[in-house]
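This briefing is for a reader who is new to the structure shown below.

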Amino acid sequence: TKEMIDPYHGSTDIAHKVIRAVSKHFVDDPVRALRAARQAAQFGFTIDEQTIAYMRQCRREIQLEPKERLVGELEKALSTDMPSKFFYALGDAELLDVTFPHIYALLGKIQPKKYHPEGDAFVHTMQVLDAVALMNNRIEVRFAALVHDIGKGVTPAVMLPHHYGHEKRGTEVLAQWNQSMTLPRNWIKCADFVIKEHMRV
């Protein structure tokens, strides 16, 4: 978009699938950082290092933005073919913990290698999210995939790599998320069911 692409590099960046900020004024609207991450997921682009640096500069201001704007960008990101790129981009820009802390909490939460050779709960969640996105375009279903293991983010360290009772903890974390950032009711209903029942599959 005109907002995201440098006119001096625009055609080259599009050809190489790179998102590059127009100027340092990128930081004037912190939601542009979310938009860059979302567009990376939407178009399968990478974000150049200078733009990542600008995104990092948005860290303080983005915490002051109305939560509705974050939910709006989250919804758009979940509608893309590979929504995991949105969360990985926010992680690269050191924004994941201040935008979606309940997802950030999954980082480093190790799991039994026998069942989860892919790594920690965050990597597992991103893989599940992308797999579900290939099968179903309903946003509430994709959101449920995103949060199905959200309870693992608060597993006590002494319990790792096991996550006994994460289904119960997960519904509590979902409720906390909804209190801090009001989510659509159908997202909550679908996610609550999946969190409680996914171990039965």
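**Cysteines and burial**

C58 is buried, its relative accessible area being 1%; buried means under 20% relative accessible area, exposed means over 50%, and partly exposed lies in between (1.4 Å probe, protein chains only). The model is predicted: local features need pLDDT of at least 70, side-chain atom pairs count only at pLDDT 80 or more, and totals for chains, interfaces and linings use all residues. Residues are numbered from 1 along each chain as its sequence is written, and side-chain values use heavy atoms, with hydrogens and water left out.

- C190 is partly exposed, with a relative accessible area of 22%.
- Zero disulfides are found in a search of the whole structure, where a disulfide is a pair of cysteine sulfur atoms within 2.5 Å.

**Helix α10**

- Helices (H or I, at least four residues) and strands (E, at least two) are DSSP runs, numbered from the N terminus.
- Because eight of the nine residues of α10 are buried, this helix is largely enclosed by the rest of the structure.
- The buried residues of α10 are I139, E140, R142, F143, A144, A145, L146 and V147.
- Their cover includes α5 (67-78), α6 (84-92), α8 (101-104), α9, α11 (166-180) and α12.

- F143 lies in α10 and counts as buried, at 0% relative accessibility.
- Leaving aside neighbours within four places in sequence, F143 is in contact (heavy atoms within 4.5 Å) with L74, L78, L174, W177, L183, W187 and A191.
- Between F143 and L78 there are 7.1 Å in space, C-alpha to C-alpha, although the two are 65 residues apart in sequence.
- The largest nonpolar core has 53 residues, and F143 is among those with the most contacts inside it, together with F87, F100, L146 and W177.
- A nonpolar core is a set of buried Ala, Val, Leu, Ile, Met, Phe, Trp, Tyr and Cys residues joined through side-chain atoms within 4.5 Å.
- In soluble globular proteins, nonpolar side chains tend to be buried together.

- The largest pocket holds about 300 Å³ of space. Of its 15 lining residues, H116, K152, H163, H166 and M199 are the closest to its centre.
- A pocket is an open set of points on a 1 Å grid over the protein atoms alone, where a 1.4 Å probe fits, with protein on both sides within 12 Å along at least five of seven lines; lining residues have an atom within 4 Å of a point.
- A volume is the space filled by probe spheres set on the points, which are joined across faces, edges and corners.
- Four nonpolar, eight polar and three charged residues make up the lining of the largest pocket. Ala, Val, Leu, Ile, Met, Phe, Trp, Tyr, Cys and Pro count as nonpolar, Asp, Glu, Lys and Arg as charged, and the others, Gly among them, as polar.
- The second largest pocket has a volume of about 260 Å³, and its lining residues include V128, V141, F193 and E197.
- By class, the lining of the second largest pocket has eight nonpolar, two polar and one charged.

**Backbone details**

- L160 and P161 are joined by a cis peptide bond, with omega about 10°. P161 is in the loop between α10 and α11.
- E94, in the loop between α6 and α7 (96-99), has a phi near 60°, a positive value in a residue other than glycine.
- E94 is partly exposed, at 47% relative accessible area.
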